[in-house]
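Dear colleague,

I am passing on a structure that you have not worked with before. Please look through it first, and then read the notes that follow.

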Amino acid sequence: MIQKIVLIIPFLFSAILLAQETSSISGRVLDNELSGEPMLFADVMLKNTEWKTQTNFHGNFEIDDVDPGNYILVISFLGYDTLEIPIEAKPNGVLQIQRGLSSKTIDPGTVIVSNSESMPYGSIASMEKTAQK
């Protein structure tokens, strides 16, 4: 009986130790447009997984209990360019990340305005948008 207990105890401890080999990812997201002010409620997630969170009032985030491996950390906020950062989560590791988001620039393309003789002077007869390549 004692021999069985002696054999079982190491297996239990190794199972407990293996279960704790997760990683933690934390960091801060800043607004590049506002001189590095914290981004409140920016979305932070590991692409193609269920791990996701939002930044707090100080722009900080933390994702705990991440399995070791390679991931793409996605940081997004409405009206800003989305960042995709390759990361490696190591067993029992803590990964610190600080990044800034920049606002999106919108390219309206080229707008051509022409006047038609059948329309009163100064009226817009047609508008067409052409995409720039």
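**What was found**

The protein chain exposes about 9900 Å², of which carbon and sulfur atoms supply 57%; accessible areas come from the Shrake-Rupley method with a 1.4 Å probe, and for residues only the protein chains shown count as cover. Please keep in mind that this is a predicted model, in which local features need pLDDT of at least 70 and side-chain atom pairs count only at pLDDT 80 or more, while totals for chains, interfaces and linings use all residues. Residues are numbered from 1 along each chain as its sequence is written, and side-chain values use heavy atoms, with hydrogens and water left out.

The chain has 1 helix and 10 strands, where helices (H or I, at least four residues) and strands (E, at least two) are DSSP runs numbered from the N terminus. From the N terminus on, the elements run α-β-β-β-β-β-β-β-β-β-β. Of the 133 residues, 22% count as buried, a term that means under 20% relative accessible area, with exposed being over 50% and partly exposed in between (1.4 Å probe, protein chains only).

Not counting residues up to four places away in sequence, L73 touches V44, M45, L46, F61, I63, L83, E84, I85, I87 and I97, contact being heavy atoms within 4.5 Å.

S26, which lies in strand β1, counts as buried because its relative accessibility is 10%. Leaving aside neighbours within four places in sequence, S26 is in contact with F61, E62, V94, L95, Q96 and I97.

P38, by contrast, is found in strand β2 and counts as partly exposed, at 23% relative accessibility. With neighbours within four places in sequence again left aside, P38 is in contact with R28, V29, L30, F57, H58 and G59. The C-alpha atoms of P38 and G100, which are 62 residues apart along the chain, are separated by 8.8 Å.

In the loop between β2 (37-38) and β3 one finds F41, which is partly exposed, with a relative accessible area of 40%.

With kind regards
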